[in-house]
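Have the model open and follow along.

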Amino acid sequence: MASPEIDALTQALARLPGLGPRSARRAVLHLLKKREAALGPLQRALQAVSEKLASCSTCGNVDTTDPCAICADPRRDPRMLCVVEEVADLWALDRTRLFPGRFHVLGGRLAALEGVRPEDLTIDQLVGRIERGGIDEVVLAMNATLEGQTTAHYIAERIERFPVRVTQLAHGLPVGGELDYLDEGTLAQALRARRPVT
């Protein structure tokens, strides 16, 4: 029997995506066994992130600064904007190191059955960024799901009045697939083969 504190830690870890009760127990046992090498650094890292966590007011990325490191990077091409559903998608695409521009996180996707409407996402902020000018290409990097493609078409219609090139990731992505679960090679190919939205 574990103490209430150890049990609480196990339950907290079990609520994380990809971890169930058994994996959480194994992680807790590892942390306890390697207390000095693993538990202390994890505790300090969680505390530091908790104190500094911020949402980027420009793109919606999660970071410890506002604007985030991507928006503040002068090497990024401000004329290229990649629109993604979630922060996890931004991080997945950025890991490829193939997209030289900046990002915009919608905070989800249109889903009528779930009650997610355009005003529930950051679509108006996206339109505002494009309206201010300086953007030549908008890459719609939505997940290859029905809702993702619906969101991409809705955004394409909203921004068609602006003089920007609108592209989307190639359909080499698996149908029903989510960007965060794809390998870098698949994401790299999808970025290279992006095409205009028709």
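Helices (H or I, at least four residues) and strands (E, at least two) are DSSP runs, numbered from the N terminus. What you have is a predicted model, where local features need pLDDT of at least 70, side-chain atom pairs count only at pLDDT 80 or more, and totals for chains, interfaces and linings use all residues. Residues are numbered from 1 along each chain as its sequence is written, and side-chain values use heavy atoms, leaving out hydrogens and water.

Start with the overall picture. The protein has eight helices and seven strands, and its C-alpha trace spans about 65 × 35 × 35 Å along the principal axes. Out of 198 residues, 39% count as buried. The accessible surface (Shrake-Rupley method, 1.4 Å probe; for residues, only the protein chains shown count as cover) is about 11,900 Å², and carbon and sulfur atoms own 55% of that.

Now find helix α5, residues 87–95. Its buried residues are Val-87, Asp-89, Leu-90, Ala-92 and Leu-93. Why does such spacing come up in helices? An α-helix has 3.6 residues a turn, so residues three or four places apart point the same way. The buried residues of α5 pack against β2 (62–63), α4 (69–72), β3 (77–84), β4 (101–105) and α8 (184–192). Just past the helix, Arg-97 takes a positive phi of about 60°.

Trp-91 also sits in α5, but this one is partly exposed, at 46% relative accessible area. Together with Val-49, Leu-53 and Val-62, Trp-91 forms a nonpolar surface patch with about 360 Å² of accessible area.

Of its 25 residues, Cys-82, Val-84, Leu-93, Phe-103, Leu-169 and Leu-179 touch the most other members. At least two residues come from each of α4, β3, α5, β4 and α8, with α5 giving the largest share, four residues. Apart from this core lies another, of 20 residues, including Ile-123, Ile-135, Met-142 and Val-166. As a rule, nonpolar side chains in soluble globular proteins tend to be buried together.

Last stop: Tyr-154, in helix α7 (residues 146–159). Tyr-154 is partly exposed, at 26% relative accessible area. Setting aside neighbours within four places in sequence, Tyr-154 is in contact (heavy atoms within 4.5 Å) with Leu-110, Pro-118 and Ile-123. Arg-129 is 25 residues from Tyr-154 in sequence and 17 Å away in space, C-alpha to C-alpha.

Technical notes. Buried means under 20% relative accessible area, exposed over 50%, partly exposed in between (1.4 Å probe, protein chains only). Patches are made of residues with over 30% relative accessible area and no salt bridge: like charges are joined within 9 Å, nonpolar side chains (Val, Leu, Ile, Met, Phe, Trp, Tyr) within 5 Å. A salt bridge is a side-chain nitrogen of Lys or Arg within 4 Å of a carboxyl oxygen of Asp or Glu. A nonpolar core is a set of buried Ala, Val, Leu, Ile, Met, Phe, Trp, Tyr and Cys residues joined through side-chain atoms within 4.5 Å.
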